[in-house]
Structures are given as C-alpha cells and as structure tokens.
Amino acid sequence: MSTNEPPTGPEPQDPDQPVPPPPYGSTSYPPPPQDPPGGSGGYPPPPGQFGGYGSGGYPPPPPGGPGYVQPFSAPDAISYGFNKFGANAGQWLLAGLAIVAVSIVFSILSWIVQPDDLSDSNPFAALNFGGAVVNLLSTLVGYLITAYVYRGALDETEGRRFTLSGLFERVPVGNAILTSLLVSIGVTIGLFLCIVPGIIFAFLSYFALLFVVDRNESPVEAIKSSISLISANVGSSLVLALLSILILIVGTCLCFIGLFVAYPVVAIATAYAYKRFQNQPVL
C-alpha cells in the first residue's frame, strides 16, 4: 500500500444540509443546536430566560382552585343587573305587568269583601273572614312572585334568558312559601325587640329564598346558609343592600313606573352576588 495517499475520513458536511439521523443502534447523536445569542450555554434555555413569564419560565396558573375567591364589587353587580335587564327587557317588563295585574286583582277582591261599616260598635266587625282570606292569599302569592323573580334572575346569571313561561315548574313552592313566612315572622319579632334586631335578621336572611330556589334547601337550612354566606361577606353585602334600597327608592319616586326596571335589576344583582360569594361562575 502506498504511503503517499491522503488519510481517508468522513467528508465535511454542508452546514445548510440537514443532519441525517444516526444509524440504527448507534449511540452517537448529532450535537444540540446552538444557543440563541446571549444564551447561557445550555440547551434548552433555562426556565424564564426566553419564556417571558418571570423566573418560573411557565405561564402562571389560572385563577381558581381551593381558597380562591373571585373579586366582588357591589357597583359591578348593579351594572350587571342593568345590562342583563336591558338585554331581555321585554320579558322582564311583561313579568312586571303580570305582577301589577295580580296586585290589582287582590286589591279588588279585598275591597269587595271588606265590611260595609267599619265603625260598627261590634269590635269584631273589622275581622271579616273573607278579608282575612284575601290578605293571606295575597301574602302567599307575593312570596311566590319573589321566588319566581329570583328564579329568573338566577337564569340570567347562568346564561339562560329569563322567560315568564319557563318558571312555574322550577320553583319548590312549599319550601319557598315556608321560608318567606319564617323570615317574615323573624323580622316581625325582631322589629318588636327595639327594631334593630329585625333589621339585622332581615339583612342576614337576605339570600334565604335564593338557597331554596337554587338548591331546594329546607326553610331552616336556607336561613342558616344565608346567615353563613352574608356573615362571611358583610361589607360587600351591606354596600349592595344600600345600593339596592337606593335604586328601589328612585324607582318608587318615578311614579312607581321606575319599579318596572328597579325591581328586576336589584333581583339580578342579588343573584349575581349570591353566585360570586360562593365562587361560582357568572355568565
């Protein structure tokens, strides 16, 4: 063999050509790609160098999980109520007209069954049986109307448009009436005890009917749930209650016509707060 032949070896590879894969079974691999300018010499780059998310190198976890509480703002709740009402004003105004019609019917019935002469010397003349029945029925129907309105407000927060015809089979009538009755009795007793206890109980039981409509809780359980939820969110609940009262007062001052807007707006805002305080999604 001639000793003048140049040594043989692998031909230099064109840098523009892709590196072929190693033969099957080979333990030799091509070198890793070069670091980008300014790299630290390792590949892949260390977390956070090129990711743009700080020292962790990965996107932060989305909000949520145990212990996370969604931020709540009472003005945002009212604004949400106005927006939802405006997007479905026809159905809400129709519901308002239905409530007015029911109120007129009970007013007429009450006028019909009242004693002709309340100045009669008989002290029981004013205790007309028919009038008592009408007043009782009017109260119970009022409780149900509030429950139906809350059901519609919850529908709005859950991404379903409120419709008057879609409410009547989705409200537990018995529990709704009993819960409203217990709350009314508790408020009345509290008002007799120097007024303040009644106001406090009315405030703490504010969500009781929502727990019945949403979860079909028993009356006592719903009142306890409301007290617990509001106690954990006293400041936000108080601001929402004050804003709601202000809106209802303004609606009343506008020749009562403003209540066609104020009442559903407050109901939707209340349902919004009920969901937010429990860290539930609102659509």
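Let me open with a question: in what kind of contact do the side chains of Arg151 and Asp155 meet? They form a salt bridge, with N and O 3.1 Å apart. By salt bridge I mean a side-chain nitrogen of Lys or Arg within 4 Å of a carboxyl oxygen of Asp or Glu.

A word on the basis of these values. This is a predicted model, in which local features need pLDDT of at least 70 and side-chain atom pairs count only at pLDDT 80 or more, while totals for chains, interfaces and linings use all residues. Residues are numbered from 1 along each chain as its sequence is written, and side-chain values use heavy atoms, with hydrogens and water left out.

First, the overall composition. The protein chain has 9 helices and 0 strands, where helices (H or I, at least four residues) and strands (E, at least two) are DSSP runs numbered from the N terminus. Of its 283 residues, 31% are buried; buried means under 20% relative accessible area, exposed over 50%, and partly exposed in between, with a 1.4 Å probe and protein chains only. Taking contacts between residues at least 6 apart in sequence, 65% join residues at least 24 apart, a contact being heavy atoms within 4.5 Å.

I return to the charged residues. Arg151 and Asp155 lie 4 residues apart in helix 3 (residues 129–157), and therefore about one helical turn separates them. Arg151 is buried, at a relative accessible area of 6%, and Asp155 is likewise buried, at 3%. Each has a further partner. Arg151 also forms a salt bridge with Glu158, the closest N and O atoms being 3.4 Å apart, and Glu158 is partly exposed at 23%. Asp155 also forms a salt bridge with Arg160, where the closest N and O atoms are 2.9 Å apart; Arg160 is partly exposed at 40%. A network of salt bridges links Arg151, Asp155, Glu158, Arg160, Arg170 and Lys275. The structure holds 7 salt bridges.

Next, helix packing. Two packed helices are described by the angle between their axes and the distance between the axes. Axes here are lines fitted to C-alpha atoms, for helices over the stretch in contact, and angles run from 0 to 180 degrees between N-to-C directions.

How do helix 1 and helix 9 cross? The axes of helix 1 (residues 74–87) and helix 9 (residues 259–277) come within 8 Å and cross at roughly 125°. Helix 1 is therefore oblique to helix 9; under 35 degrees counts as roughly parallel, over 145 as roughly antiparallel, 65 to 115 as roughly perpendicular, and the rest as oblique. Residues in this contact include Tyr80, Phe82 and Phe85 of helix 1, and Phe260, Ile268 and Tyr272 of helix 9. By class, the contact has 12 nonpolar, 1 polar and 2 charged residues. Ala, Val, Leu, Ile, Met, Phe, Trp, Tyr, Cys and Pro count as nonpolar, Asp, Glu, Lys and Arg as charged, and the others, Gly among them, as polar.

Helix 9 also contains Arg276, which is buried at 18% relative accessibility. Arg276 and Phe72 are 204 residues apart in sequence, yet 6.7 Å apart in space, C-alpha to C-alpha.

The second pair is helix 4 (residues 173–192) and helix 6 (residues 208–215), which pack at about 170° with axes 9 Å apart. These two helices are therefore roughly antiparallel. Their contact comprises 5 nonpolar, 3 polar and no charged residues.
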